[in-house]
Amino acid sequence: MVFIPKRALANDAAIDRAKTGVNVGFILSLLGSLTGLLLSLSIVLSGHSLHVALPQTTPLGVMAFTIDQLSAFFLGTGSFLGAAISLYSLGYTPEYFHKRHVGLFILLYNTLFLTLDVLLSASNFVLFLFAWEVMSLTIYFLIVFEHDHAASRRAGFLYVVMSHIGTAILTVMILILFVQTGSFDFTILRNGSHHITLTLKSVIFLCTFAGFGIKAGIVPLHIWLPEAHPATPSNISALMSGVIIKTGIYGIVRVLFDLLGPGPMWWGILVLAVAVVSAVLGVLYALMEHDLKRLLAYHSIENIGIILMGVGAALLFNSTGNKTVAALALIAGLYHVLNHATFKGLLFLGAGSVVRATNTRNIEELGGLARKLPWTSAFFLVGAVAISALPPLNGFISEWLTFQALLLGFTSADLIVKLAVPVTVALLALTGALAAACFVKAYGITFLGMPRSSAADKAHESPRTMLAAMGVLALGCVVLGAIPGIALSALNPLSGSLLGVPMTNAVSLAGPTMMLSASPSTSMAPVLMLALLAGFAGLPIVAGLVMGGRLRSRIAKTWVCGIETLRPRMQYTATGFSKPIRLIFSAIYRARHEIEISEDVSPYFKPEIRYEVTMEHVFEEKLYKPAMRGVLSVARFGRRLQTGHIQSYLAYIFIILIVLLWATG
Amino acid sequence: MQNILTNALLLILQLAITILTAPLIAGIIKKTKARIQNRRGPSILQPYADLTKLLKKEVVISENASWLFSFTPYLLIASTLVIVLLVPTVYAPLPFHWIGDIIAVAYFLALGRFFLALAGLDAASGFGGLGSSREMSIASIVEPAMMLSIFAVAVTAGSTNLSIVVRSLSTTPASIFNPSHILAFVALFIVTIAETGRIPVDNPETHLELTMIHEAMILEYSGRYLAFIEWAAQMKMVVFLSLLVNLFFPIGLATELSPAALGISVVAFVGKMTILAVGIALVESTNAKLRLFRVPDLLMTAFILALLSLILYFIIGA
C-alpha cells in the first residue's frame, strides 16, 4: 500500500493553486497508479495474496486489507486506466483554470482513487462499506463540480438518491451475512456461508445484485448513469465509466462467487435476463443519442450487460455443475471488464478532447474533425472499432469468449436453459451489430464530412499529454486484442479459484492460439489475424501495380447532382442516420414526432421546418414516475403530522411512549 | 517439408478459387437474369473486363474526404481475404483453419462494412450518408441472423470452426436432414440475398436514390478503388455461396488430399455454385424490390427462423 501516502501528499499539494498544483497532483496520482499497477501485476504473477492489517485503531479492528487475485485484477485494471487518465488530466485540467477551483478538483480526484483502492483491497465489509460510501459522495461532488449547470445539479441529485438506495440494500445484505456468520471478515464469511439456508442465500443474492447493480448501471436501475456521466469533466467520465461502475461488478463477483458459492439455477437466469435487457436497451438508446458523452454513457450500460452475460452464464453453469464452461464464461465477463475499461476510457478521453476543441457535445454541430484533430480522431477510431467488437481488437476477443461460453452451455438438460442460452446468443449478436451501427454514426458524423458549425471549423488539436494518454489506451486496445495471453494468465487462475477448480485452464494458450478446454477444436489466433490483415492489404497494392501501374488520383468536388456548391447542411445528420433503426425498433422507442412547417408566401415555399423527435424511456415513464408520485404523496401525508405546534409534538412523544410501554410490557 | 508444401499449395488453391472465380459468379448471375428477361446480356466474362478497366483508371477523391476514404478499399480487400482463408470451398480442413471461426468471419465482414459505411460519410455527400445509414440498419438484423443460422449448424459438430464443422458434416451426411438445418438454410439464404445487396433487399443495378443502399454508400468511389470494392463484393458473394453449399450440401467435398478427391470436389463445387447462382438470379427476376421499410420484415423473418433453428437444435438435439 505504498501508493496511498503518496496520494495523500498529492492532496496537500493540490491546495496550491493553478499549474504547479495540477502538475504535482496529477504526476503524483500517475505515480500512484503506476505503483498500483505494478503491485497488482506482482500479485497476479506470483499468485500470492497480500495481507496488511494496520494497528487496531477502531473497536472493530477494521483496517485490514487483503489483495487477492480478484482484487488485484480490478486494482490492476483501475490503475492502468488511472495512470492514463492522470496523464491526460495534466493537459486537460488547465481548461478549468479560470473557471473552477482546480485545487478542489484535484483533491476530489485523488480521494476518488484512494477510496477505490481501499474498496478493492478491503478484507472486511465494514471497511468496504466505508470506502463505498466515501467513494459515492466523492463522485457526487465531482458530478456537481460544474454546479452552475442545472443539468449537473439534477444529475447529482439523481445519483445521490440512487446511490443511497443501493447502499441501503447492500447494508441489509451485509447485516444478514453478519447475523448468519457473526463476522464482517471475508475469510470467515467464505468459510461460514455454507451454513446459510437457501432462502436467506437467495435474499442475499437479490440484495447483492440490486445493490451493486445500481452502481454498475443495470437496466432498470440505470437511470442515474446517462445523466451523471456527461455532467462530469471528461477525465472523470472516463474514470467513472471505465472503473467506478466496475466496482459493482467486483462486488457481484466477490459476494456471489467468492463468498456465497453456487446457488440455484434461477440466479443465473435472472442475471442473464437483466444482462440481455441492459445490453439491448443500452445500445438502442445510444443510437438515438446525439450528445457524444451521453451516447458513450448508454454504451456503458450496454457493456455492463455484456459483462453480466458472462457473469450470469458463469452463475448458471456453476449451478448446473458445468465448471469448465462456467470458468470460461467468468473469464469472458472479467476480460470484458478490462477491455471495456480500456476502450471506453479511450472514447471518453477522445470525447473530452472533442468537447475541449469545439465546446459542444452535440454531434449534429460537429463534422470534419478528422482533419482538425488528426490524432484524437485516429485514437477515437481505434476505440470505436474496439467497442463495436470488431476484430482484431480487444472487444472482439471478450465477446468471442462470451459467445463460446454460451454456445457450449447447450449440454444442460433443463428446458429453461435450452431456451435462455440461444436467446442470449441472439441478443448478444444483435447488440454487437447495433453497436457497430451506432459507432459509424458517432464517428462518421463527428469526425468525417464537413464541419457543421464554426466551432467545429475552428477546432484545434489537444496538448501532447492528452494525446499520449489516448495513445496508450489505443495501444492497450490493440495489445489486449492481439495478445490475449496477457489477460488470460491472470484470468485463468482467478476464475478457477473462484469456482473451486484451481488448476483448470478454461482457455489454454498454444503459442499465439487460444484454445477452449471445453471444445478442443475451437481456437482463435488473434495476432495472426492482425498479421494476415496487414499482409493482405498489400495484395491489392500489388494487383493494382501489376494491372494498371502506379495509382493516379485527382482531387475533385463531391458529386451533388450538379448543384454548384455542397453545403454542410446538405450532409446526412445523426438523426437521419439512425432513423431506419428508429423505425425498425419503433415498438421499443415509442418516438413522438413533431413537425412544424411555417408558411410565408405559398405552400410550395417553406422558409422554416422544425422537426423534433422525443423518445419515451419505458422505465422512467412506467416505473420511476409512478414510484416518485407515490413517495411524494406519502410525503404530503407526512407533512400533515408536522404541524409546527409544540403541543402536538409533545402529544406524539406521549403516544409513542404509551405504545412502547404497551409493546414491551 | 512436404507438409509445408502441401499447405502452401492448398492455401494458394483456396485463395485462387475465390479471387479468380468471384467475377465469374457475378457474370453468371447477370447473364441468367438477362436470359430470363429475354435479353442476350453481356458475356459471363464481362466482370473481368470491367475490373481490369477500372484497375487502370485514375481515382477521383472528394476534396472533403479524409485518409479513411483511401484506406478503406485496402482494408476491405484484406478483411475479405482473411475471411476467404476461413471458409472452406473445395477442401476441409483449410491450412489456417485454427486462426479463427465463424464468429471471426461474421465480425470481419462487419469490419469491412464498418469502414465502408464510414467512407460513405466521408465525402460529405447526402447519398453516401443515406447508403451508410441504410446499410448499417439492415446489417444490424442480418448479421445476427447470419451468426445464428450458422451456429445452428455448428453446434451439431460441437465447434464453431468452419473447417471442422464442414468436415464433420460431410462425413455424416445423415445429419444434414435435420429440421433445424432446413430452417437455418432458409435463414442463411435470405441473409445471403441481403448481405450481397440483391433484390428484393437492394438492387445492384440501380442508381436511383430512393432505392439504392450499397450503391449509394460507394457512390463517391471511382477507378481503382471502385475495382477493389467491386471485387471484394464479388468475393463476399462467393464466401456466402460456399457457406450455403458446404454447410448444407457438403456432398463431394474433398476431406483427403488425393488428385481424384480434389478433382471431384472442384467439379461438385462449381456445379453447386452455379445452381445457387442461377437460383439467386431466379429470385431476383421473379421478385420486385421491397420498399425500404418493408425490408426489415423480411430480415426479421430470417432472424426469427435462425433463432428457432438454434432453439430447435438445443431442444430436440441432433
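Helices here are DSSP runs of H or I with at least four residues, strands are runs of E with at least two, and both are numbered from the N terminus.

First, some ground rules. This is a predicted model, where local features need pLDDT of at least 70, side-chain atom pairs count only at pLDDT 80 or more, and totals for chains, interfaces and linings use all residues. Residues are numbered from 1 along each chain as its sequence is written, while chains are lettered from A and ligands numbered from 1 in the order in which they are written.

The model scores ipTM 0.95 and pTM 0.93.

**Chain B on its own**

Chain B has 11 helices and one strand. Read from the N terminus, its elements go α-α-β-α-α-α-α-α-α-α-α-α. Its radius of gyration, taken over C-alpha atoms, is 19 Å, close to the 20 Å that the globule rule gives for 318 residues, so chain B is as compact as a globular protein of that length. That rule is 2.2 Å times the number of residues to the power 0.38. Along its principal axes, the C-alpha trace of chain B spans about 55 × 45 × 40 Å.

Of the 318 residues in chain B, 63% count as buried. Buried means that 20 or more other C-beta atoms, placed from the backbone, lie within 10 Å of the residue's own; exposed means 12 or fewer, and partly exposed is in between. Two residues are in contact if their C-beta atoms, placed from the backbone, lie within 7 Å. Among contacts in chain B between residues at least 6 apart in sequence, 80% join residues at least 24 apart.

**Where the chains meet**

Across the interface, 69 residues of chain A are in contact with 71 residues of chain B. On the chain A side, the largest share, 15 residues, comes from α18(A). The residues on that side split into 49 nonpolar, 15 polar and five charged. In this count Ala, Val, Leu, Ile, Met, Phe, Trp, Tyr, Cys and Pro are nonpolar, Asp, Glu, Lys and Arg are charged, and the others, Gly among them, are polar.

The chains also share strand pairing, which takes at least two DSSP bridges between two strands. Here β6(A) and strand β1 (residues 59–62) of chain B pair in the parallel sense over four bridges. In β1(B), B:Val59 is the bridge partner of A:Ser553.

Most residues other than glycine have a negative phi, and most peptide bonds are trans. Here are some spots that go the other way.

| Spot | Backbone feature |
|---|---|
| A:Val219 to A:Pro220 | cis, omega near 10° |
| B:Ala92 to B:Pro93 | cis, omega near 0° |
| A:Ala389 | positive phi of about 60° |
| B:Ala124 | positive phi near 65° |

A:Pro220 sits in the loop between α8 (198–216) and α9 (225–231) of chain A, and B:Pro93 in the loop between α3 (67–86) and α4 (102–122) of chain B. A:Ala389 is in the loop between α16 (374–387) and α17 of chain A. A:Ala389 is buried, with 32 other C-beta atoms within 10 Å. B:Ala124 is buried too, with 27 other C-beta atoms within 10 Å.
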